[in-house]
Structures are given as structure tokens and as C-alpha cells.
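User: Can we go through the aromatic contacts in this one? Keep it short.
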Amino acid sequence: MDFTLKIWRQENAKAKGRFETYKISNISSDCSFLEMLDQLNETLVDKIEIPICFDHDCREGICGMCSLYINGRPHGPDDDITTCQLHMRKFKDGDTITIEPWRAKAFPVIKDLMVDRNALDKIIQAGGYVSISTGGVPDANSIPVSKKNSDLAMDAAQCIGCGACVATCKNASAMLFVAAKVSHLALLPQGKVEAKERVLRMVRKMDELGFGNCTNTGACEAECPKSITLTNIARLNREFIFAGILSEDKY
Amino acid sequence: MTTLNSKIPKGQLENKWTGYKASQNLVNPPNKRKIDVIIVGTGLAGSSAASSLGAMGFNVKIFCIQDSPRRAHSIAAQGGINAAKNYPNDGDSVYRLFYDTIKGGDYRAREANVYRLAEVSNNIIDQCVAQGVPFAREYGGLLDNRSFGGAQVSRTFYARGQTGQQLLLGAYSALSYEINNGNVQMFTRREMMDVVIVDGKARGIIVRNLITGDIERHSAHAVVLATGGYGNVYFLSTNAMNSNCSAAIQAWRKGAFIANPAYVQIHPTCIPVHGDYQSKLTLMSESLRNDGRIWVPKKKEDAEKIRNKQLKAKDLKEEDRDYFLERRYPAFGNLVPRDVASRAAKERCDAGFGVGNTGLAVFLDFASAINRLGKNVIEERYGNLFQMYEKIVDENPYQNPMMIYPAVHYTMGGIWVDYELMTTIPGLYAAGEANFSDHGANRLGASALMQGLADGYFVLPYTVQNYLSSDIKTGAISTTLPEFDAAEKAVKDRLQGLLSIKGKRSVDSFHKELGKTMWNHVGMGRTKESLEKALVVFKDIRERFHKELLIPGTTEGVNIELEKATRVEDYIDMAELITTDALTRNESCGGHFREESQTEEGEAKRDDANYMYVGAWEYKGTGEMTLHKEDLNYENIEVKSRNYK
């Protein structure tokens, strides 16, 4: 298969970016999207040009590192996958493909297609945990959890922190990301103890870091590679309002 | 010269760890605040060690190469984590988990370390549940278990097919808590380039900031390497693209020994290779072997028809199928350990019964499980794995059997450590997959997660503290010491040296060449000839690498080719280590199969009289190394030949 690629190039955080056009041919339809970019980079290196910089690591859809905005969609034209799981068979021979970095105020571009998503870690550091240290915990089976809540918690806990929800949101909101962590812990007895403080601290941090507000467009749910649902945002709102009323720690 | 002292505590096996803890030296809280610890790597071992040592009061600095600590490749572990809880009441115990691990490792692991691992396994599950890790549960609200290879009990805790993810996110949450408390400082997008030794002790590291390109100095009273394994030497493996063995190789060049490098785990159930452009292989969890049955056609002509797509797998009659694991190993069937399953698949494919385009694949079939349990149950158990398979291969595994083939997955060998997880360099520790300690010659499924977390949560916090008790008066280590100057200069010279080659070949082209040689000559079947040949090739690759390498750009800012170049240069050393160790070990054990050493039935044949030792290699200059032996003594287990029939 042959493709024309329009790729965002930007030397560093301060430089002005631009689209560059590249041609690539003889790509197997079984090839993954990132392997296609690997092949492009090999041709660039052979010409002593600077290869295209993009984040990637596990290449099996779980580390959350890959982050390409392909033809106007985070992780490209397939559902429930990350960029590294996208295969060229999803495109037509001769297609022109536009590749951009995640774009959000809270995710500044580092170089080319690589962005800084440190803000997501900062939100977790503000409260996305059960405040315990190692040792002194009870026997695992002394904390029974209903299968239903355990399954719902797992649904939410599957978030890989890739930031597709932020990239696709017209407000660049991190609501789905925050909602996934708040839900995961609020659904479990272990997380209930400090649920009120957690939600207030995480939401406050999200706002501080320049993420936008949620206007319920649902784009995040549509593009989430792990199918995290909007129900979690509803649960986050419920937890937030409840905490706002009952907690001494005001937002 | 260095002698290998494993520092195993005296006393009965079951009292060794308790005894150690009772007599270890402690550091009081105000003194802990005066002591710095560096941890490299944020996988299960690194994150759990950092959060534990941080909570104790030490000043911890932790480093990772990715943009966030949550990306470490522990995240990709699928199947589960073992523990001796005996919740299913099926006869499990600490002793049984210890026994299975020693046996699974083909009697090449240290008894005392493995017993401690089994002992703390239960604490890990308690800790993770308290953190909110959503393990699978029964309707009554209690934890569910499943079986894994090499065990006859159900002792594996799991969170769907994403156990590694959930455990890592648990450790990451504990780490985040300590970062918020100010006890741990996080440094992302940093790659360790060297370890700094002052007066014979590890006192810091040199890192490259992967964004700015700056070379930074960081000092501490102790350094922990939790940097994972070396599977990517093979280029194609189930490891992540950034997983590398450079930290281990830097430590090796500074005097740490590397033990048993030949023990590489080839995992039987991976998606087969399909093209030259391929960058990695994807694992299909071992848990699938609970319900999937592995087979190839009985007749060569059927295999050929399937390869040429003239016959569909599902149309082949039951009596024409060879369920070769069930046939060869009736007691364990499809749940034999990984090394055994991998070799059996290779044997069938080499004999001409393989399927897929290349003939290098076997079927993993769920038809009978779907008939027995229904599609819903299978979907609930393995839904995400089936989806992953379909996205890659473009075939529906509910309708057609999966095709799988072995691939490099995990490395049992690694940095030599004593009972305290300290390397041969005082103050330098290695944890998780980076060390060699607990899995012998073959790791059992669901034991990597257990070991990583055992080291980080429950072993290092004790042993590192014991060492640091002698450092309470040392004061902060200065980064302006001449040793730091020298180490930084060496790193800068090395990078400039690679950039100034200005040849014509990319880093990846060398890595692929190295990987192919490893797979073909130092892979699942090894012979004296293949290994000797490989060593000649590696020498040649190293020479050409230093003449023909081409890296565009400079040392400033992001330079992805430069990052890969130092790693590949280190892979060449690791390739020689693996191969030299494999050549020296003229026996078959676990993941190391010397074709010269097999039984008439083609099973691995150990040579306990000559090789019941840990082979630890000391660096003696480029391409040179000497062997030190640590004898293995089995006082609590009768050494037998491993039998899964």
C-alpha cells in the first residue's frame, strides 16, 4: 500500500510547528501504524534527516504512551484501540493521512508528535490513591467486595492514562480521566474512607492545571481506547456534589 | 578478587527471614531523613521499593525513561500473581509454592531466597487489596483464583487479563502518595548512563535528560536498579520498545556480576511473526491455557493444506488432530511450564507439522471450552485478549482457533545479588527482573509480579535499611567529587564518539541483525557450534557498529536515534554474555536447552554433578569476562529430574 503522510513537525516546545508531507510505499496491510512510521523514520535516517519523534512503548495497547491524532481522531480510525494497535488495513491504498500531536493547553508539545502529559500524574498525586503505606494491612479476604462493585471498579480502573479523552474534548477537559480514578476508588470499601477529600482534591488540581470544563458532549467516551463510560463522570459529579456539601475541606 | 558470598542467614529454612529481620540493624527516624536512596526504574519492583522506603522516611529519588512512572512494562503483564493463601482449600502452602518454584526453575535457584519469596507472597495480596487493586471476586465478595502452568493448585490472583496493569497502578498510587508527601522525588524521561562508585561504594548515577539532552549527576547513599530484563537483545520480544539492559551493563562494567544470563524464557503463547517490518511480538496470556487446547494436524499433508489455505482448521476431524502437550504430558497437559510447552511446539513445527503462512505456528483452540461453558464465559474470562488478537491478526478467535508460536518474554538471569539483593558492588542493589535471584532456569507463570513486589515492598525496605545503618554519619554525598566528574566525562565522550562515527547504517538495522543471530543461534535450541558461531558474528557486528553507525542530530534536545544507539551498543555486550554462559553450561536446564544434552524422548537433561551452580560473570574489558561459581545447596528439597508426565 502507498500513502501520503502530512505530519506535524516542531523542533521543540518553543519552536513554531508546521506540517511536512512525506510519501511512503510498499507498506503491508498487516503492518501496524507505528511500524509504518518506523519504516518512514528508517528512510529519513538513511537520508541523514531527523526522524519523526513520537511517544510509544509497549505496542500492545496497555502502557498508554502512544498518542497520535490521526485524521482528526485520537488513536485514529478504529474503535477501542490505542495508536499502536491500529493497523494499515484500516486505510485505503493511496490515502492521505494527517498526523498531529495531542492538542490541549495542559499538554504542551515537546517535539513533533511528543507531548508532555505530566499534568495527569499531578492529578493522581493530588489524591488518586488510598492513603496507606506498606505493611500493617488486614488479610485480603477480610474486606469483602460485591462482585458487581468490584467489576464496576475494574471497568473504571482500566484507564491507561493516555489522554485521548483530553485530546478529543473541545474543552480539553480531563473529566473522564479523573472520573475513572474517582469511580474506581469510590466503588470499593478501601477507597470509601477518604472519598470526599479525594474527589475535591483531584478536581481542584485538574482545574489548576488548565484542563477545561465538561459540557457533556461525550466525545471522550467515544474515543476512549478502554471504553471508559460517561457513567463514571455522572458518578464523579455525584461524589463531588456530595463531598461539597458534607466535607469540611471545601473546593 | 571478589568472592561470592550469598550471605544466607543461618538456621532452619523457615526461620531464616524471621531471624534476619530480628537481628538486622535499624536507622532511627531523624537519621533516615539524612539518608538518600536512588531507585532506577518505576515498574513493580522500583515503584514499590520507592513508596516503601519513602514512607519509612528515607529521601528517595526515582527515575524512569518514559513520560510517567505508570508506563513501565510491568503494566503489560496479563495473567496474574501467585500467592500461597490457599483460599480455595486445595492443598496449597508456603512450602508448596516454594517447592513448585524451585522445581519449575529446574533446581537452579537458591532455596533461601525462594522460600522468602513464598513466605511474603501472602503479604503482597493483602497490601494490594488494601490499596484498592480490583482483583477478580466471587459472588460472595471474596477473592477468586485460577491455575497457571507448573502448579496443581489454584493460587493465582488476577484482575481480568490486566493483572500487571492493576498491580502497577497500585504501586504507582502508593508512589504518588509518597510524592505528594514529599518523601519521593520523581524524575521522568531520564535514562541512567552510568553508576558512580566512590571508595568502592555505589554513591550515585549519571543520567541523560531525554528532553534537553543534559547530562545530570545525582548522588545517594545507596542505589537500587529495578530496570527490568534483557529480552530486547533478541530485537523481537514481548518486551516494550524502551525496555533495555543498559543499566545492568553499566553496573557490570563497574564491577557488578551478571549471573546466569543464558536463562532466557521463551513464552509458548505469542502471536507469530508475520513480516520483516515487525517491531515487537505480542503475548497471549498463559491463562489461556486453562481453557485452550494446543494442537497441530496429525498428518503432514493436512498441515500443508492448512498452510496453503485449502483446509480450515475447524474442519479437521478430531481424530486427525495431535494435542501434543496432552499426549506427551498427560499429568499437566496444556498446563506444563513454559519452557516445556515452547520446546514441544518448536519440535512439531521443525518436524513439518506447523501451521500458518510460515509453518511456524500451532493452534490454541477454544472450541471445546466454548461448547462446554458457552461463549459468554470465555468472553468474560479472556475478552480483552481475544480482542487484542483480532485487532492484530484480523481473525475472530471465537470462530477459528488462535495461532501461536513461542517468543522471547522474560529473562531469569540478571545482575547477581546476595540474600539482601545487594550486588557485588556495596550499596548497589538489583530488584525484580533485573536480578537473577528467584526463578532458577525457568520462571513459572504469575511469579514475576510476585517477585517484583516482594523485592520492593517486603525485602529491600529491610535489607537497604540494614546497609544504611552504617551511613548515619556520612552526610550528603557531594556531586562535585572527582568520581562524578570522571563518570560524567566518560558518558559525554561516549555519546560524542557514537555521533562522530557518521557511517551509513541506522541503529535499528544493527539491532535487527543482532536479534536475528540471537534467535537463530542462541534461541530455543542451542549447540556448541551455533553458540561459537554467534560469538564470531557478535564481534563482527561490534566492529561494524563502530564504523558504520549513522545517527542524525546532536546530543542536544530529543534524539531518539542516540538513545537507541547506546542501548544497542550495550545489547552487543549482553549478547556475548548470554552466549558465553550458554556455551559454558553444557547441560539443558529450564529455558536453556543444549541439544547435546537431551534424553531419548527429547526432554531436557540436566547435569547436576557438573552444573549445579550459579554462573556469575565478571567484566574484564570489551568482549572479555571471567566466570565465578556459587554452588547451590539443596537441604530441604530432594533434587529430582523434572517430570510433568
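Analyst: Start with B:F386, which counts as buried at 1% relative accessibility. Buried means under 20% relative accessible area, exposed over 50%, partly exposed in between (1.4 Å probe, protein chains only). This is a predicted model, where local features need pLDDT of at least 70, side-chain atom pairs count only at pLDDT 80 or more, and totals for chains, interfaces and linings use all residues. Residues are numbered from 1 along each chain as its sequence is written, chains are lettered from A and ligands numbered from 1 in the order in which they are written, and side-chain values use heavy atoms, with hydrogens and water left out.

User: Are B:Y382 and B:F386 stacked or edge-to-face?
Analyst: Stacked, because the ring centres of B:Y382 and B:F386 are 6.4 Å apart and the planes are at 15°. Rings of Phe, Tyr and Trp (its six-membered ring) pair if their centres lie within 6.5 Å; planes under 30 degrees apart count as stacked, over 60 as edge-to-face and the rest as tilted.

User: Is B:Y382 buried or exposed?
Analyst: B:Y382 is buried, as is B:F386.

User: How many aromatic pairs over all chains?
Analyst: The count is 28. One of them is B:F366 with B:F386: centres 4.9 Å apart, planes at 65°, so edge-to-face.

User: New topic: charges over rings. What sits over B:Y158?
Analyst: The charged end of B:R146, 3.8 Å from the ring centre. The rule: NZ of Lys or CZ of Arg within 6 Å of the ring centre and within 35 degrees of the ring normal.
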